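This report is meant for a reader who is meeting the structure shown here for the first time.

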Amino acid sequence: MSDHDHGPAKGLLRWVTTTNHKDLGSLYLWFAFIMFFVGGFMALIIRAELFEPGMQFVDPQFFNSMTTMHALIMIFGAVMPAFVGLSNWLIPMMIGAPDMALPRLNNWGFWILPFAFAMLLSTLFMDGGAPAGGWTMYAPLVLQTGDAFPFVIFAIHLMGISSIMGSINVVATILNMRAPGMSLMKMPLFVWTWLITAYLLIATMPVLAGAVTMLLMDKFFGTSFFSAAGGGDPVLYQHIFWFFGHPEVYILILPAFGIVSMIIPTFARKPLFGYASMVYATASIAFLSFIVWAHHMFTVGMPLSGELFFMFSTMLIAVPTGVKVFNWMATMWRGAMTFETPMLFAIGFLVMFTLGGFSGVMMAITPVDFQYHDTYFIVAHFHYVLVPGAVFSIIAAVYYWLPKWTGYMYNETLGKWHFWLSAISVNITFFPMHFVGLAAMPRRYADYAVQYADFNAIASVGAFIFGFSQLLFLYIVIKTVWFSKQESKATDQVWEGAEGLEWEELTSPPAYHSFTVPPVVK
């Protein structure tokens, strides 16, 4: 039952107490939007400092605090809550359910987040400053953090609890609340990718919780899990962290695969090519993500057999990912394509995510990874996967479903401006990083040698253009949601295909041609 069945909880109280999946989806999306700008502001501080050699604006300690906070906020505060918001909005509607299975858990899962991030951000004002050990928080470096340390650990625990609750809710909803006749292999791909993502989250978040709890014990309770002086091993922390951290990378991208698999068929006016192979590819990627973690650690002095195993298993992930890229291209092949804003972002995703995938295969090759490790080449790689990958897919989803959510059409011309500004500036920002990385510029340094100056200046200019073009996105969304006049009302079938196919038909397997479902029996 949603809170709308319980009388007039008005105004602010309604948003605090709501159990309605659409309300909570909107809350998640707005929270993620705010965090996107907070994390983006930190990225601009980093890029401003790196615009030229020497120290200009911040000291090295604060610079490393910014890299740490930027990563934690973008991953746990922007991308993951945005995907959870989309899952809240869309999964019940796509499977014909009246709401999520556990509405009050849903409310609690959201309201933990503002407190977690208030706690994380408060560390900027504490003695010793915010943590500066990178988002990986490697021991023993992060153990030098001052008063902020326990607050960071607790904030991470809260984010993890929120993620696990959201995931349990997604699994329970998908497995128990599908409309009659909707078997698993008839679900839209967005639902499939979220089902698999939710299992990844449930399996990996407790691993992160264990790792950071052991850090806490080392700092305050005299244990030596990661201290060589007490018989522990700092490399053990890396193993535990990356056993969480690598599946986490796929948690950040699998829902994006689902979104793109919904959008491309709509604007190509063709059903998705190879539905079943997409499902199996997603499941394969999720399985393989658990056995590749030590490719983040090729330089720690692993045995050769370990290096070979992690090299080959990592390269294996390229196979199901390649299947997906092939299927998206086959869907577009000879389709009656049009290039509205969601399609532009989906194609931008496809091109640039694939580029990031190629540099990932390069890094899987152990002997050459010794050159790439901890350089800007790595930064270039994962930003190509996460910015034009995860972030572009979220933006595409907002443009795609906003007319269905609000009943109003956004301004298509401004949307296209937003795409081209973002697509060009994201490449100006991250492409030069490949070059400075190959020339051995290390990550997480506030200063650098003069030979890297030109590429860094270009990257910083691109970053500021990208950052400010997101204000255009904010304007478009606010204008659509609150200020659209009668003339921009969306029609019943906003993205109806040229051949009269509705979007439900295009984005589901051929066997299931409609979402007209019998009323749910109470």
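## The surroundings of N107

Apart from residues within four places in sequence, N107 has V16, T17, T18 and L24 as its contacts. The model in which these contacts are found is a predicted one. N107 itself belongs to helix α4, which covers residues 103–122, and its relative accessibility of 13% places N107 among the buried residues, because buried means under 20% relative accessible area.

The protein is divided into two domains, with domain 1 running over 21–244 and domain 2 over 253–510. To the contact between them domain 1 gives 50 residues and domain 2 gives 60 residues. The C-alpha centres of domain 1 and domain 2 are 20 Å apart.

Between domain 1 and domain 2 about 4,700 Å² is buried, and 79% of this area is on carbon and sulfur atoms. On the side of domain 1 that touches domain 2, the elements that give two or more residues are α2 (21–49), α3 (60–95), α6 (189–220) and α7 (234–251), and the largest share, 12 residues, is provided by α3. Sorted by class, this side of domain 1 consists of 36 nonpolar, 10 polar and 4 charged residues. The number of salt bridges between domain 1 and domain 2 is 0, whereas 9 residue pairs are found in polar contact across the interface, with both residues at pLDDT 80 or more.

## Salt bridges

How many salt bridges does the rule count, and which side chains meet in them? The count comes to 2 salt bridges. One of them joins the side chains of D23 and R14, with 2.7 Å from N to O; in this pair D23 is buried, at a relative accessible area of 7%, while R14 is partly exposed, at 24% relative accessibility.

Another salt bridge is formed by the side chains of R443 and D374, where the distance from N to O is 3.8 Å. R443 has a relative accessible area of 16% and is buried, whereas D374, at 36% relative accessibility, counts as partly exposed.

V152 counts as buried at 3% relative accessibility, and I153 is buried with a relative accessible area of 1%. When residues up to four places away in sequence are not counted, V152 touches L120, T123, P131 and M137, while I153, with its neighbours within four places left aside, is in contact with V212 and L216.

In helix α7 lies G245, which is buried with a relative accessible area of 0%. The C-alpha atom of G245 is 8.3 Å from that of T136, although 109 residues separate G245 and T136 along the chain.

## Details of the backbone

The peptide bond that leads from A139 to P140 is cis, with omega near 0°, and P140 is in the loop between α4 and α5.

Which residues other than glycine have a positive value of phi? R269 is one of them, with phi near 55°; R269 is placed in the loop between α8 (254–268) and α9 (275–288) and counts as buried, at 10% relative accessibility. R444 is another, with phi near 60°. The place of R444 is in the loop between α14 and α15, and with a relative accessible area of 26% R444 is partly exposed.

Methods:
Residues numbered from 1 in each chain as written. Predicted model: local features only at pLDDT ≥ 70, side-chain atom pairs only at ≥ 80, totals over all residues. Heavy atoms only, no water. Domains from an automatic or database assignment. Contact = heavy atoms within 4.5 Å. Buried area = accessible area lost by both parts, 1.4 Å probe. Salt bridge = Lys/Arg side-chain N within 4 Å of Asp/Glu carboxyl O. Polar contact = N/O pair within 3.5 Å; in protein donor to acceptor, adjacent residues only side chain to side chain. Helix = DSSP H or I, 4+ residues; strand = E, 2+ residues; numbered from the N terminus. Nonpolar A, V, L, I, M, F, W, Y, C, P; charged D, E, K, R; others polar. Buried < 20%, exposed > 50% of the residue type's maximum accessible area, 1.4 Å probe, protein only.
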